[in-house]
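Here's a quick tour of one chain, with the cut-offs spelled out along the way. Have the viewer open and follow along.

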Amino acid sequence: MLRLLISILLGIAVTFGLFVFMAELIANSGRPPEEPSPPVVIDLVVKANEAKPNVRKTPPPPPPPPPTPPKTPPVEPEPVVSDAPSISLTAPVIETGGTSGFSGPAAINRDGDAQPIVRIEPKYPIKAARDGKEGYVIMRFTINELGGVDDIEVIEAQPKRVFDKEAKRALRKWKYKPKVVEGKAMKQFGLTVRLDFSLEK
């Protein structure tokens, strides 16, 4: 009997508590909603002087390559006149001044004197051949210790300054066996040669 009475009292207390709780919930639902708090505004100010752009220096451009040297044009040979007559040169006559004692077109015959090895014939000037000019050049020269020709000097030419250049150019290319005295090569001075320029039709 006592248990039944306690149970009834507990049920009444629980029921009353539930009713109070529900009434409180209904009262809270009828209240207007609370106003939201204003948003927080953060103001960021960036000064123009402080925000410097990151400038990247570019290297200077490379210098231009050096200009290529101009190509030298090939040297064209001198024109040959088709109707020019054939050219022949008389054999040079080598003579010496003083007591050296050479004569004639042959080589130097004295023992120990210079002996010719290479003789180059001069070119006949085209203008002289075209004009039909003939002549000769007499030159004085020296044979050095190596057999080369030095100190070329025109001592007579006919006609003047027509065949000189080609005669000297050819004589510079001549080669000799040098003069030998007591087993030693020596210079030989005062040699003369005559180059004749003649045309044959």
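## A one-turn pair in H2

Let's start with Lys127 and Asp131, which sit four residues apart in helix H2 (residues 126-131) and so are separated by about one helical turn. Helices here are DSSP runs of H or I with at least four residues, strands are runs of E with at least two, and both are numbered from the N terminus. The two side chains form a salt bridge, with the closest N and O atoms 3.3 Å apart. That term asks for a side-chain nitrogen of Lys or Arg within 4 Å of a carboxyl oxygen of Asp or Glu. Side chains of opposite charge can pair when their charged atoms come close.

Lys127 is exposed at 56% relative accessible area, while Asp131 is partly exposed at 43%. (Buried is under 20% relative accessible area, exposed is over 50%, and partly exposed lies in between, with a 1.4 Å probe and protein chains only.)

## Ground rules

This is a predicted model, so local features need pLDDT of at least 70 and side-chain atom pairs count only at pLDDT 80 or more, while totals for chains, interfaces and linings use all residues. Residues are numbered from 1 along each chain as its sequence is written, and side-chain values use heavy atoms, leaving out hydrogens and water.

How many salt bridges does a search of the whole structure find? It turns up four. One of them joins Glu153 to Arg140, with 3.4 Å between the closest N and O atoms. This pair links distant parts of the chain: Glu153 belongs to strand S5 (residues 149-158) and Arg140 to strand S4 (residues 135-143), 13 residues apart. Glu153 is partly exposed at 43% relative accessibility, and Arg140 is partly exposed too, at 35%.

Over in helix H3 (residues 164-172), Arg169 and Glu166 are three residues apart, which means about one helical turn separates them. Their side chains meet in a salt bridge at 3.6 Å, N to O. Is Glu166 buried or exposed? At 13% relative accessibility, Glu166 counts as buried, whereas Arg169 is partly exposed at 34%.

## Strands and overall layout

The chain has three helices and nine strands. Reading from the N terminus, the order is α-β-β-β-α-β-β-α-β-β-β-β. Strand S9 (residues 188-199) is mostly covered, with nine of its twelve residues buried. S9 pairs with S4 in the antiparallel sense over eight bridges; strands count as paired if DSSP finds at least two bridges between them. Tyr136, for one, has Asp196 in S9 as its bridge partner.

Across the 201 residues of the chain, 22% are buried. Take contacts (heavy atoms within 4.5 Å) between residues at least 6 apart in sequence: 71% of them join residues at least 24 apart.

## Surface and the nonpolar patch

The chain's accessible surface comes to about 16,500 Å², with 60% of that on carbon and sulfur atoms. Areas come from the Shrake-Rupley method with a 1.4 Å probe, and for residues only the protein chains shown count as cover.

Leu2, Leu4, Leu5, Ile6, Ile8, Leu9, Leu10 and Ile12 make a nonpolar surface patch of about 820 Å². Patch members have over 30% relative accessible area and no salt bridge; like charges are joined within 9 Å, and nonpolar side chains (Val, Leu, Ile, Met, Phe, Trp, Tyr) within 5 Å. Ile12 lies in helix H1 (residues 2-29) and counts as exposed, at 52% relative accessibility.
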